[in-house]
Amino acid sequence: MRGYLFPPLILPLFLLFIFLPFFLLIFVIGASEALSIAFEMPREEALLLFMMIAVGSLINIPITEREGRVVEKRYYSFFGFVYRKIEREKIIIAVNVGGCLIPTILSLKLLFSLPIEAFLLSFLLTTLVTFVSAKPVPNVGITVPMFIPPLVAAFSAFISAEIFRLNPLIIPKLAFSSGVLGSLFGADILHLKDIGKVGAGIVRIGGAGTFDGIFLTGIFSVIFAIYLL
């Protein structure tokens with residue numbers, strides 16, 4: 001039989017083209033369903049909202065500029081003399097529309113339908129755990145283990161609902177808002193002091209767009225919260 005089976009010439013590319021669209025489709029369906037549940041909207045509107053986030057992931061808005069690491073540059077003359085010039089690297093901090101701005105606006109919108117004491121408890125727990133878990137990695141950014149923030153957001157939302165005797169149906173909303181805002185503060189805002197350790201260039205908050213930790217935390221927080229109901 002081996003003589004009749006001809007594998008693709010480039011197997012990794014073949015698997016990429018076959019399985020990547022499948023996984024993207026599953027992610028789009030899952031994310032749209034999570035948005036639909038959290039915001040109590042029809043699936044069509046949730047899918048449209050997801051597409052807006054996907055398009056917004058292409059847009060970064062610069063908000064400030066900071067000085068990074070001190071670097072020494074050397075200039076050589078024709079006669080062998082060395083001139084040293086001390087400079088600081090420039091770091092531009094930008095906000096990604098799809099990965100940060102839109103999810104943050106959505107989370108703030110949810111706050112009007114949430115008991116503030118329950119949100120604060122869930123938000124503070126998520127922020128604290130995310131802050132401790134986040135680490136600056138040179139030339140990469142602020143990194144956080146992927147599933148820690150959404151798991152903490154989901155469990156803290158469930159605990160808050162139990163403590164304040166809330167309707168269980170509010171847990172997905174609580175998980176989304178505390179997950180997004182908790183990861184934003186815990187991983188990014190509270191670690192701005194560590195930006196200089198990352199390196200020069202542009203640091204994008206929510207820079208991975210639709211696949212950034214801020215947005216994914218909100219989506220997976222809702223999914224995990226649903227399993228807790």
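Analyst: Axes are lines fitted to C-alpha atoms, for helices over the stretch in contact, and angles run from 0 to 180 degrees between N-to-C directions. Helices (H or I, at least four residues) and strands (E, at least two) are DSSP runs, numbered from the N terminus. This is a predicted model, in which local features need pLDDT of at least 70 and side-chain atom pairs count only at pLDDT 80 or more, while totals for chains, interfaces and linings use all residues. Residues are numbered from 1 along each chain as its sequence is written, and side-chain values use heavy atoms, with hydrogens and water left out.

User: What pattern does the chain follow along the sequence?

Analyst: The pattern is α-α-β-β-α-α-β-β-α-α-β-α, with seven helices and five strands in the chain.

User: Why is α6 called roughly antiparallel to α7?

Analyst: α6 and α7 pack at an angle of about 150°, and their axes are 8 Å apart. Angles under 35 degrees count as roughly parallel, over 145 as roughly antiparallel, 65 to 115 as roughly perpendicular and the rest as oblique. The angle of about 150° is over 145, so α6 is roughly antiparallel to α7. α6 passes α7 in a right-handed crossing; a crossing is right-handed if the near helix is turned clockwise from the far one by less than a right angle, and left-handed if anticlockwise.

User: Which residues make the contact of α6 with α7?

Analyst: Contact means heavy atoms within 4.5 Å. Among the residues involved are Ile171, Phe176 and Leu184 of α6, and Ile214, Ile219 and Val222 of α7. By class, this contact has 10 nonpolar, six polar and one charged residues. Here Ala, Val, Leu, Ile, Met, Phe, Trp, Tyr, Cys and Pro count as nonpolar, Asp, Glu, Lys and Arg as charged, and the others, Gly among them, as polar.

User: Why is valine 55 called exposed?

Analyst: Buried means under 20% relative accessible area, exposed over 50%, and partly exposed in between (1.4 Å probe, protein chains only). Valine 55, in helix α2, has a relative accessible area of 52% and is therefore exposed. Its C-alpha atom is 6.9 Å from that of glycine 98, 43 residues apart along the chain.

User: Which residues have the most contacts inside the largest nonpolar core?

Analyst: They are Leu35, Phe39, Leu106 and Phe176, in a core of 41 residues. A nonpolar core is a set of buried Ala, Val, Leu, Ile, Met, Phe, Trp, Tyr and Cys residues joined through side-chain atoms within 4.5 Å. Leucine 35 touches residues including Met41, Leu49, Phe176 and Ile219, leaving out those up to four places away in sequence.
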